[in-house]
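Here is a short briefing for a reader who is new to this structure. The points are grouped by topic.

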Amino acid sequence: AVVSTQSRSRYFFLFCLQGCVNEVKEVCIALKCFAMLQSSAFLERLQSAYQECQSVEKPCTKLQLLEKVLKVQIEEMKSILTETSKYELDCSDKKSYSEKVKSIQQSFISRLENYFSTLTAPTSWPMHEIIWYSNHVELQNMLVGKCRTALHRGLTNPNLYLQGSSDKTAKPDLCHLYDLFQEHGKMISLHDWIQSFNALLGKKKISSETHAQFISAVSELHFMGYLKPTKRKTDHVAKLSLLGY
């Protein structure tokens with residue numbers, strides 16, 4: 001798969017954040033593979049990296065330094081390839097040619113390692129905490145809310161969210177029904193549930209108003225994903241969520 005220049009730059013930036021780039025496992029493997037390339041493939045990689053450096057509109061000083069290193073290595077490789085293309089090489093010339101290519105590759109890798117050693121992680125800067133924040137777990141917990149935990153907290157203690165309520169003991173019908181919901185098993189009988197709900201409200205008989213309140217609260221629990229209808233028993237509903245908060 002072809003990776004865009006922006007994606008490669010992002011990956012390399014992440015490596016820089018981990019600390020010393022030369023000690024990153026992926027970079028060490030890449031340098032070893034780079035030294036095993038043939039001369040033509042090696043030159044293609046150099047030219048591709050050089051073009052990416054030139055494509056940056058406002059390069060920094062370190063990027064300009066890398067661009068100069070690439071330019072020198074490209075000229076050296078082109079000169080060797082030009083010489084070898086003029087005549088056929090015998091065994092001794094081939095050995096000398098491979099040694100020159102190997103020397104250029106090793107020289108370039110050592111220059112890269114020296115260049116990488118100048119790239120320091122932001123966490124090593126003095127007073128980096130002012131501009132740099134690395135506690136991604138806490139940040140994720142703040143940005144990505146825990147829906148089930150928030151729903152459970154709101155249904156069991158609605159006064160945390162309801163404002164202007166003078167009676168702290170008063171709960172919405174949904175909260176009363178949720179309290180009873182937690183006491184039942186996987187299958188809940190609607191008949192037993194409404195009887196318990198009516199007793200919790202302190203009424204002797206189930207009126208049409210109580211029935212409407214019950215249906216409305218059950219519909220809200222269904223909408224939030226706590227239960228679903230079941231075909232096993234028509235007068236029952238099945239729980240969908242585990243109460244392991």
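K239 sits in strand 3, residues 236-239. Helices (H or I, at least four residues) and strands (E, at least two) are DSSP runs, numbered from the N terminus. This is a predicted model: local features need pLDDT of at least 70, side-chain atom pairs count only at pLDDT 80 or more, and totals for chains, interfaces and linings use all residues. Residues are numbered from 1 along each chain as its sequence is written, and side-chain values use heavy atoms, leaving out hydrogens and water.

**A buried lysine**

- K239 is buried and has no salt bridge. Buried means under 20% relative accessible area, exposed over 50%, and partly exposed in between (1.4 Å probe, protein chains only).
- For charge, Lys and Arg count as positive and Asp and Glu as negative, while His and the chain ends are not counted.
- A polar atom of the K239 side chain lies 2.6 Å from the backbone oxygen of H184. A polar contact is a pair of N or O atoms within 3.5 Å; within protein, one must be able to donate a hydrogen and the other to accept it, and residues adjacent in sequence count only if both atoms are side-chain atoms.
- Beyond its neighbours within four places in sequence, K239 is in contact with residues including F181, Q182, H184 and Y226. Contact means heavy atoms within 4.5 Å.

**The salt bridge**

- Side chains of opposite charge can pair when their charged atoms come close.
- The whole structure has 1 salt bridge, that is, a side-chain nitrogen of Lys or Arg within 4 Å of a carboxyl oxygen of Asp or Glu.
- K171 and D179 form a salt bridge, with their closest N and O atoms 3.2 Å apart.
- K171 is partly exposed, at 28% relative accessibility. D179 is also partly exposed, at 23%.

**Aromatic pairs**

- There are 6 aromatic pairs in the structure. Rings of Phe, Tyr and Trp (its six-membered ring) pair if their centres lie within 6.5 Å; planes under 30 degrees apart count as stacked, over 60 as edge-to-face and the rest as tilted.
- Y178 and F181 are stacked, because their ring centres are 5.9 Å apart and their planes meet at 20°.
- Both Y178 and F181 belong to helix 8 (residues 173-183), 3 residues apart, or about one turn of the helix.
- Y178 is buried at 0% relative accessibility. F181 is buried as well, with a relative accessible area of 0%.
- F181 and Y226 form an edge-to-face pair, because their planes are at 80° with ring centres 5.8 Å apart.
- Y226 is buried, as is F181.
- Ring pairs join Y178, F181, W193, F197, F214 and Y226 into a cluster.

**Strand 1**

- S189 lies in strand 1, residues 187-189. S189 is buried, with a relative accessible area of 11%.
- The C-alpha atoms of S189 and V237 are separated by 6.7 Å, although the two residues are 48 apart along the chain.
- S189 touches D235 and H236, leaving out residues up to four places away in sequence.

**Cysteines**

- The structure has 0 disulfides. A disulfide is a pair of cysteine sulfur atoms within 2.5 Å.
- C147 is exposed, at 58% relative accessibility. C175 is buried, with a relative accessible area of 3%.
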